[in-house]
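Let's take a friendly walk through a protein model together. Have a look at the sequence and the structure below, and then read on.

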Amino acid sequence: MSPRSFAIADTCFLIDWARYRHKGILFKLFSTVFVPEQVLDEVRSEETISWITRGLTEGVLALYTPVASEIEEARQLIERSHLHPQLPSMELPEALCLVAGRRRGYIVLTENRAALLAPRVFRDYGSVSVWRALEVILEAVKTGILEADCNRPGRVFEEYASDTLHVFPTKALQTAVEEVRRICGMRGSSLTR
């Protein structure tokens, strides 16, 4: 499988992902993951900074420098989010990722609830694909980049949670585990033919 073209990641995603034992799968799914300059201002963890630096050096991560019109659009999106009662607060890095997703077709990688909800709330952002770590891991299983333990279909998500201390939303996790179970069933039936 060839990697998808591009993704753009915000701070919360990168901080968690840097601690994940299978972090290399990200670069098998995406040819390049962009990191907005504003994200670098927020990262404090030496582990995350080291991983980002290594990724930039290897060319699998790339610095994303937004143009003035993208920053202005991101600021407008932040203002709109503060006026919407269903959305928690959104900061500049998440908003810039959404703008890049809308303008350039990048998949947005985030754990930020406002960024996850924005495509459902704002019609002009409806085409933006937003993935959490859950969706990245599931896509890696679907494409065969990450092998699932079919005796324990939830294990791929448990490993991430153990490494990062991230808690997946219960309903989304159950749906993802069922999808892994289905994939295992399909692969098992194709092996017996």
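## A nonpolar patch

On the surface, L40, L56 and L63 form a nonpolar patch, and together they have about 220 Å² of accessible area. Patches are made of residues with over 30% relative accessible area and no salt bridge, where like charges are joined within 9 Å and nonpolar side chains (Val, Leu, Ile, Met, Phe, Trp, Tyr) within 5 Å. A salt bridge is a side-chain nitrogen of Lys or Arg within 4 Å of a carboxyl oxygen of Asp or Glu. Areas come from the Shrake-Rupley method with a 1.4 Å probe, and for residues only the protein chains shown count as cover.

This is a predicted model: local features need pLDDT of at least 70, side-chain atom pairs count only at pLDDT 80 or more, and totals for chains, interfaces and linings use all residues. Residues are numbered from 1 along each chain as its sequence is written, and side-chain values use heavy atoms, leaving out hydrogens and water.

## The disulfide

How many disulfides are there? The count comes to one, taking a disulfide as a pair of cysteine sulfur atoms within 2.5 Å. C150 and C184 form it, with their sulfur atoms 2.0 Å apart. The torsion about their S-S bond is about -85 degrees, so the disulfide is left-handed.

C184 is buried (under 20% relative accessible area; exposed is over 50%, partly exposed in between), whereas C150 is partly exposed at 44%.

Key
Buried < 20%, exposed > 50% of the residue type's maximum accessible area, 1.4 Å probe, protein only.
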